[in-house]
Amino acid sequence: KFGFMVKATGDNPQLVTTLGVHIGFVKIVCLMISNGLVGLAGSLSAQYQGYADVTMGTGTIVIGLAAVIFGEAIFKKSSWILPTTTAIIGAILYQGCTALALQFGFPPNDLKLLSAAIVTLALALNHYHFKVTLFKKHEMKDGIRDVKDPTTEQNFLSEHS
């Protein structure tokens with residue numbers, strides 16, 4: 001039941017509030033569980049490798065962020081593709097960009113800079129709209145739309161000059 005409550009909190013917080021459950025409590029418990037799992041994964045990784053370093057795992061966060069951003073930038077209009085699939089495709093594209101950069105001769109020490117540039121590029125592409133609207137939609141009067149309205153031409157010229 002708590003899992004359904006977590007999903008409902010993300011999808012429709014007003015519904016959870018009307019059910020009498022405190023949204024803040026659900027979010028705090030979810031953050032506690034996720035941070036506990038991250039700590040467990042880090043400790044298992046350090047135990048498996050035999051050492052721990054302060055820089056371990058920083059690339060994983062960037063790869064995860066880039067994967068989600070790439071997937072959303074490419075497939076944001078597609079409703080039939082699952083978000084998990086878009087993240088997987090985004091991760092493949094990110095790794096492909098990194099491999100391509102290494103093939104072009106970038107030194108491996110500059111991969112953090114390159115990763116930041118790739119994420120910045122993906123964010124820029126995600127917020128860029130390819131739709132260009134030249135004319136505003138006009139209200140229809142008596143079922144007929146007046147296309148040759150002089151005020152429409154003046155508005156168009158004033159907006160695009």
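What is the mean pLDDT of the protein chain, and what share of its residues reach 70 or more? Here are a few notes as you look through the model.

1. Start with confidence, since this is a predicted model. The protein chain has a mean pLDDT of 76, and 76% of its residues get to 70 or more.

2. Helix 3 (residues 23-49) has the highest mean pLDDT among the elements, at 92. At the other end sits helix 7 (residues 150-159), with the lowest mean, 51.

3. The patch lies on the surface and is formed by Phe2, Phe25, Ile33, Leu37, Leu40 and Leu44. Together these residues have about 590 Å² of accessible area.

4. Leu44 sits in helix 3, and its relative accessibility is 47%. Is Leu44 buried or partly exposed? Partly exposed, because 47% falls between the cut-offs of 20% and 50%.

5. For a contrast, find Thr98 in helix 5 (residues 83-103). Thr98 has a relative accessible area of 13%, so it counts as buried, the cut-off being under 20%. If you skip its neighbours within four places in sequence, Thr98 is in contact with Leu111 and Ile118.

Technical notes: Residues are numbered from 1 along each chain as its sequence is written. This is a predicted model: local features need pLDDT of at least 70, side-chain atom pairs count only at pLDDT 80 or more; totals for chains, interfaces and linings use all residues. Side-chain values use heavy atoms; hydrogens and water are left out. Helices (H or I, at least four residues) and strands (E, at least two) are DSSP runs, numbered from the N terminus. Buried means under 20% relative accessible area, exposed over 50%, partly exposed in between (1.4 Å probe, protein chains only). Contact means heavy atoms within 4.5 Å. pLDDT is the predictor's confidence in each residue, from 0 to 100. Patches are made of residues with over 30% relative accessible area and no salt bridge: like charges are joined within 9 Å, nonpolar side chains (Val, Leu, Ile, Met, Phe, Trp, Tyr) within 5 Å. Accessible areas come from the Shrake-Rupley method with a 1.4 Å probe; for residues, only the protein chains shown count as cover. A salt bridge is a side-chain nitrogen of Lys or Arg within 4 Å of a carboxyl oxygen of Asp or Glu.
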